[in-house]
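Subject: Structure handover

Hi,

Here is the structure I promised to send. Please open it next to this email; my notes follow below.

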Amino acid sequence: MVTRSHPSRRRGIAVALLASAGLLLAACGGNDPSATTEDTATATTVADAGSDTTAPADTTPASTAPVFTNPPTTVNEEIVPVSGGTLVVGIEGESSGYNPTVDPWSNAGHNVAKAIFDPLAAADAEGKVVPYLAESITGNDDATVWTIVLRPDIVFHNGEPLNAEAVRLNFQAVLDSAQYKDQLSLLAGMTVVDDLTLELTMSSPWGTFPNVLTGVIGSQVGYMAAPAMLASPDGGRSPIGTGPFVFSEWIPDDHLTVTRNDDYWQGAPYLDGIEFRPISDSTARKAAFDGGDIDVYYTGSSSEITEYFVQQEAGEVGVTIGAPSEPDVVMFNTAAAPLDDVRVRRALAMSVDIPRLYDYLEATGVKQPMTGPYADTSFWFTESDYPDYDLAEATALIDEYEAEVGPVVFDFAGGQDPFIVSYQELFQSMWSEIGAEANIVSRAQSENIDAVVNDAFQVILWGGIGGGDPDADYTQFHSGGLNFTNFTSPEIDAAMDAGRALSDPEARKEQYAIVQTILGEQVPYIWTGTNQFGVITAADVRGIADFTLPDGSAGQPIDGGRFYLKDVWLDA
Amino acid sequence: MTRVLASRLARLLAVLIAVTFASFSMVSLLPGDTVTAVLGARASEEDKAAAREELHLDDPLPVRYVQWAGDAVQGDLGTSFRTRQPVTEAIGQRIWVTLELVLISQLIALLLAVPMAIFGALRPGSWLDRILSGTQLAMLATPGYLVAVGLMAIFAVQLGWFDTTGYTPFGESPFENLKSLLLPSIALALEQVALYARVLRTDLVNTFDMDFIWFARAKGNTTRRIVLRHALRPSSIGVVTLTGISVGRMIGGTVLVETIFALPGLGRFTIDAINNRDFVSLQGAVVVLTVGFVLVNFLADVMHGILDPRIRHQARPT
């Protein structure tokens, strides 16, 4: 019997709101207002362990390796998984639908999707991209032609076969989608070679192509939907995939249920079914878990994670921390004065006292400081000249600027949640110590997105940048992309282009080191640290960290707030 | 009666046109681009332009409104461009939740408010009256969010008497249905309790001072009989009016309560539509809510006539 603590509204709970509402990831990773995280897909090429494919390279970075704590899992060989039971999962919001080529998904949508759909590729325990529905994904030497060979005898829940034509139709639906066509912008042609082989021709080298097939925030290309579902105008309301669970019922804002796919190509999952319950209020979600109404939920609130760590010690709950998701940032519009001057940007970064921020967020020991888009545990991390905390130097830079140009005054935009406003006030007070005046602007998320898209901002709390494979940041850093900061550099453009074309991770890392070095010097962003999600499970929920790949090896079970449930079971 | 009904219907039609047109205009004034909200910031300008054309967003507002209204009078409230679900179907899934929530809340509010008002009015200024007034003030002053979270923490999490979140349809289990709506209904009702009790108490105090009450007392009627048979009815007009008006407030309150208790109701649907610039869904919700509000107030007017014969006689044509 689980004894749970009295739920209390804590200041830290609102950190989840900060991570979701305030950081506006929707602008970059889809447009779901509740979107919270990103992708941590890493690595390049892929060939299944047993295949004889010739990939451009077979080494991949470990990148941000997941950190697993000690929830009860099947790792203990004495524990034998049992079948049965329905798992109730609390998700943070509702999705507009479940068509992967059209509907933008936050963590909530991805978690439902991972039960119903399978991706063509997935990340292994080290973050390396490996084939999943595909048997192999092979590129030619210059990564302009990719060949996907599918595993045989896989069928969708409606009986349609997963074949090369089905994959082609999925990719075509993406190319026809206003929301996601940019995800396959380099795809120039598709040829069905045989029933299980699809050849893709790229308009230019694309060494990181397999990354987009893993099904991550902002890139849902990899999830394979049944052709009949894609052809139906409202197919997203009755999703059909090849996944471990079959869609059963969806009452929007109430529940979505799936049942066990007894014919699943990897063997039927343990659970009889799963009920996903959208509970948008973070306090209510926690209360629902504490009250035993849901078995699983995920949170970005450091204080909640810390609280549950204590309960985990007593065996009351399980806490599993996944790979860190993309960091939170303060983003500058470098085309707008006074942020067009690097001295001001460096000074503002220098004056941010990160330990003080974490103390305020109750995130000490959970969030990790960063000096660039990739955490120092990431394969892609490179040291840079990103400024350290130095109030004296920061004050000197501001004084210098003010003597030459004038006062440092700017608008600092964020969300409307009171906690986010108080978080902004903390920055405001730190900046005032060096003589910079920040005027806090609180706006609805949609207004902030519009402001950023239309260049009508100076400084803003933002997210959706960094954390995973650097190629995912192409549109942020490249001058030809969205580039919200307006900070452009020919060297960065060249490095991002080269990194995209190359296959060898070490060679790519060299290119991305150039990017990080320049970003560290020029400071278009203040990096406020990793964004860590914890998956909280009831004591009888097992196997949340036991996601296995088709070859039986360990996969990356949790990526940000997204997780697979095919290997989860309930301890009776 | 036919004339009265015709007059009411005409008024309802006018209100509907005014409210739906106003909401149409307000949606277009909302900051944030509808197409960007649907397609995302990464969509190309060409795709955005195509979507605008498809959604007729480039048409003048009155033209769009007339097109929408033409479909609406034929029972077609449109299809949400975000979820691709017919709005009528979406509203049908949610309306009963909100309807039940509002009805149970009103019931709870009246059940609590009437005795509080009577006990307070019987001894105005007494310690009991002061305690009741203080309680009502606290009810008014406590934010609905705190009440909802507090009720959830105590009765659902600590005591485990109720589910924290979720909804069970009445047809599935009447008991579970009531259980799933009781805490949210109480959270929604508390503010109304205070309002109703204060208005009714004041009216009762005035009524108790009227000649016919003194006459009833002189005849030896018991206090109970005087209150229930003579004073309550004429004193209820204010509360009945307030009940009608407060339905609108309650519908606003359902947004918060439905969000906290994760109920699939119309309030949550409406706020989602606003957040996602889903004006088709929003229009549908506005129509339904407006019709509901006007109907409730129509019923309140009818109740006035029942409660006070003078109003009935005034309405009768001479």
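**Helix packing in chain A**

In this predicted model, helix 8 (residues 342–350) of chain A packs against helix 10 (residues 391–404) of chain A at an angle of about 150 degrees, and their axes are 8 Å apart. Axes here are lines fitted to C-alpha atoms, for helices over the stretch in contact, and angles run from 0 to 180 degrees between N-to-C directions. The angle makes helix 8 of chain A roughly antiparallel to helix 10 of chain A (under 35 degrees counts as roughly parallel, over 145 as roughly antiparallel, 65 to 115 as roughly perpendicular, the rest as oblique). Helices (H or I, at least four residues) and strands (E, at least two) are DSSP runs, numbered from the N terminus.

Which residues of helix 8 of chain A meet helix 10 of chain A? They are A:R343, A:V344, A:R346, A:A347 and A:M350. Their partners in helix 10 of chain A are A:E393, A:A394, A:L397, A:I398, A:E400 and A:Y401. Contact means that the C-beta atoms of two residues, placed from the backbone, lie within 7 Å. By class, this contact has seven nonpolar, no polar and four charged residues. Ala, Val, Leu, Ile, Met, Phe, Trp, Tyr, Cys and Pro count as nonpolar, Asp, Glu, Lys and Arg as charged, and the others, Gly among them, as polar.

**Numbering and confidence**

Residues are numbered from 1 along each chain as its sequence is written, while chains are lettered from A and ligands numbered from 1 in the order in which they are written. The model is predicted, so local features need pLDDT of at least 70 and side-chain atom pairs count only at pLDDT 80 or more, whereas totals for chains, interfaces and linings use all residues.

The predictor gives the complex an ipTM of 0.78 and a pTM of 0.78. Chain B averages a pLDDT of 84 (the predictor's confidence in each residue, from 0 to 100). In chain B, 94% of the residues score at least 70. Where pLDDT is low, the predicted coordinates should not be read in detail.

**The two chains**

Chain A has 15 helices and 23 strands. Of its 572 residues, 63% are buried (20 or more other C-beta atoms within 10 Å of its own; exposed is 12 or fewer, partly exposed in between; C-beta atoms are placed from the backbone). Chain B has 14 helices and zero strands. Buried residues make up 41% of its 318 residues. The C-alpha trace of chain B spans about 85 × 60 × 35 Å along its principal axes.

Where do the chains meet? In all, 40 residues of chain A are in contact with 37 residues of chain B. Strand 11 (273–278), helix 6 (282–290) and helix 12 (445–453) of chain A each give two or more residues to that side of chain A. The residues of that side divide into 17 nonpolar, 11 polar and 12 charged.

**Two local spots**

A:G292 lies in the loop between helix 6 and strand 12 (296–299) of chain A. A:G292 is partly exposed, because 17 other C-beta atoms lie within 10 Å.

Helix 11 (residues 237–260) of chain B and helix 12 (residues 266–275) of chain B pack at about 90 degrees, with axes 7 Å apart. That makes the two helices roughly perpendicular.

Best wishes
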